[in-house]
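Here is a short tour of one protein chain, meant to be read with the model open beside it. Have a look at the structure, and then let us walk through its charges, its surface and a few backbone details.

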Amino acid sequence: MAEKEATVYIVDVGASMGEYRNGRTQTDLEFAMTYVWDKITSTVALDRKTAMLGVVGLRTDGTVNELEGEESFEHISVLKEISSVLLTDLKRLQNKIKLSKTVNGDAISALVIAIQMITEHCKKLKWKRRIVLVTDGRGYLEADADSTSAIIKKITQDNMELVIIGVDFDDAEYGFKEEDKDPQKADNEQILRSLVESCGGVFGTLQQAVEELGMPRLKSTRPVPSYKGPLSLGDANEYDSAICIDVERYPRTAVRRPLTASQFVQRSDQPNVDSQSTGTVLPDGDSDMPDAGTNDLTNVKSSRTYQVLDEEAPGGKRDVSRDDLAKGYEYGRTAVHISETDENVTRLETQAALEIIGFIPWANAISMIIIAQRTNSKAIMALSSLIHALFELESYAIARLVPKADKSPVILLLAPSIEVDYECLLDVQIPFTEDVRSYKFPPLDRVVTISGKEIKEHRNLPNDDLKSAMSDYVDRMDLSTFGRDDEG
């Protein structure tokens, strides 16, 4: 299951963000929203219910927050509470995030609001908490020692990540320094930088953040073991010298498929409207449209029916229940029924296990990873010994794996892998002898009899007329000279 995430974006919309600076054709707010919109739309594209975010406006004309009665929290507005993000949420935010006419508003107080939002939403549960502040640093900061120390303590205690991205902030590592910087902005930069460093967060300039948007993003996924159990060499029930190591088996690579699409049709109980309008009907009947009551689309429900031939039924076919059907296998033109009892006889009864059945030298042959149980120090030491032994002997192990009871066994090739920071066994499935079948087909240009005599003329062989006709047919199908005359 994917990790739960809660992110609050604090966007500075003060009047100073409407200026064009350092030769840019965008205002500071438009430049900042390039970064913010990319992050928010990436969350939408994930299509994960556990990826939630909220948005807080800093230096807004109005005040909308739970602490709006206090003077230091004026001109701070919660534009979106922490929740899942839908397409209509983006449209609402686009209408709400507008340049204000004020320069008042405290970024430190906005951090307090964001911390409160995350605390109320996540409570004491296991969440990945993050606060992202995007500002030009030109507003007033009420950064007394008591408030900043309380913020640092809360962020550290709740394991939150604080990210502050500034418009034209100085960054020695990136190689940017703003000339003729306003003294108040320089002081604010120093305060915010000190706050981030105390929290172990990230502090940087917006120019670098926007440039890095073009870099591919790696999606971290939580691996699910396909097998957890013992790796054995020999029968531990009969021999004391047998080796038995508790291991876990994980995929080394996985297919990344595109997002799935849903099908919708126009509601029959609604008047015809523009066919280009879109919406999503959620399973509980809610809609992500601004007004669910006027949504003209509904989700498609599929159903399947089974019919058998019946001359007495209308139309010559009769509907039957799926429970009345039985599994059958086609044999020629006949369907052969095999009952569940008979099929169980042919099924191999197995017990979950991973057993080494042999060794081969390095010369051949990788997709899954086998590691020792992470909390079992004895198993870690034992598996490490096996990995180093295979490496020193330049050998692979051949193992028989049954992932779960009554599953078909597979044969694996286990190869040692030793890196600087980890050790593991890489495995790849190899076929049984029965899986590799070689077939010999008769030649197409002659017929060989049982005695070994070769016959060039036979009813199964094409004669000269057939060969000539086929040659002419292939020539007529040649399109390389189509549409060309003698002059090209």
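A salt bridge here is a side-chain nitrogen of Lys or Arg within 4 Å of a carboxyl oxygen of Asp or Glu. By that rule, the protein has 19 salt bridges. Please keep in mind that this is a predicted model.

**The whole chain**

The protein is built with nine helices and 21 strands. Of its 488 residues, 34% count as buried.

**Arg 59 and its two partners**

Which residue forms a salt bridge with Arg 59 at 2.8 Å between the closest N and O atoms? That residue is Asp 12. Asp 12 belongs to strand E1 (residues 5-12) and Arg 59 to the loop between strand E2 (51-58) and strand E3 (76-83), so the bridge ties together parts that lie 47 residues apart in sequence.

Are the two residues of this pair buried or exposed? Arg 59 has a relative accessibility of 1%, so it counts as buried. Asp 12 has 2% and therefore counts as buried too.

Arg 59 also meets the side chain of Asp 136 in a salt bridge, with 3.1 Å from N to O. This second pair links distant parts of the chain, 77 residues apart: Asp 136 sits in the loop between strand E4 (128-135) and helix H4 (145-157), and Arg 59 in the loop between E2 and E3. Asp 136 has 0% relative accessibility, so it is buried.

**Other salt bridges**

Elsewhere in the chain, the side chains of Asp 310 and Arg 318 form a salt bridge of 2.9 Å, N to O. Arg 318 is partly exposed, at 41% relative accessible area.

| Salt bridge | N to O distance |
|---|---|
| Arg 59 and Asp 12 | 2.8 Å |
| Arg 59 and Asp 136 | 3.1 Å |
| Arg 318 and Asp 310 | 2.9 Å |

**Asn 104, a neighbour of Arg 59**

Asn 104 is found in the loop between H2 and helix H3 (107-122). What does Asn 104 touch, leaving aside its neighbours within four places in sequence? Its contacts are Arg 59 and His 75. The C-alpha atoms of Asn 104 and Ala 15 are 9.1 Å apart in space, while the two residues are 89 apart in sequence. With 44% relative accessibility, Asn 104 counts as partly exposed.

**Under cover: helix H2**

Helix H2 (residues 87-96) has Thr 88, Asp 89, Leu 90 and Leu 93 as its buried residues. The cover over them includes helix H1 (28-46), E2 and E3.

**Two patches on the surface**

Which residues gather in a patch of negative charge on the surface? They are Glu 71, Glu 74, Glu 142, Asp 144 and Asp 146. One of them, Glu 71, is in the loop between E2 and E3. At 68% relative accessibility Glu 71 counts as exposed, because the cut-off for that class is over 50%.

Tyr 329 belongs to strand E13 (residues 328-331). Its relative accessibility of 39% makes Tyr 329 partly exposed.

**Two backbone details**

Most residues other than glycine have a negative phi. Asn 22, although not a glycine, has a positive phi of about 55 degrees. Asn 22 is placed in the loop between E1 and H1, and with 49% relative accessible area Asn 22 is partly exposed.

Glu 394 is not a glycine either, yet its phi is positive, at about 50 degrees. You will find Glu 394 in the loop between helix H8 (377-392) and strand E17 (395-402). Glu 394 is partly exposed as well, with a relative accessible area of 47%.

Notes. Residues numbered from 1 in each chain as written. Predicted model: local features only at pLDDT ≥ 70, side-chain atom pairs only at ≥ 80, totals over all residues. Heavy atoms only, no water. Helix = DSSP H or I, 4+ residues; strand = E, 2+ residues; numbered from the N terminus. Buried < 20%, exposed > 50% of the residue type's maximum accessible area, 1.4 Å probe, protein only. Patch = residues over 30% accessible without salt bridge, like charges linked within 9 Å, V, L, I, M, F, W, Y side chains within 5 Å. Areas by Shrake-Rupley, 256 points an atom, 1.4 Å probe, with all protein chains shown as cover. Lys, Arg positive; Asp, Glu negative; His and termini not counted. Charge placed at Lys NZ, Arg CZ, Asp CG, Glu CD. Contact = heavy atoms within 4.5 Å.
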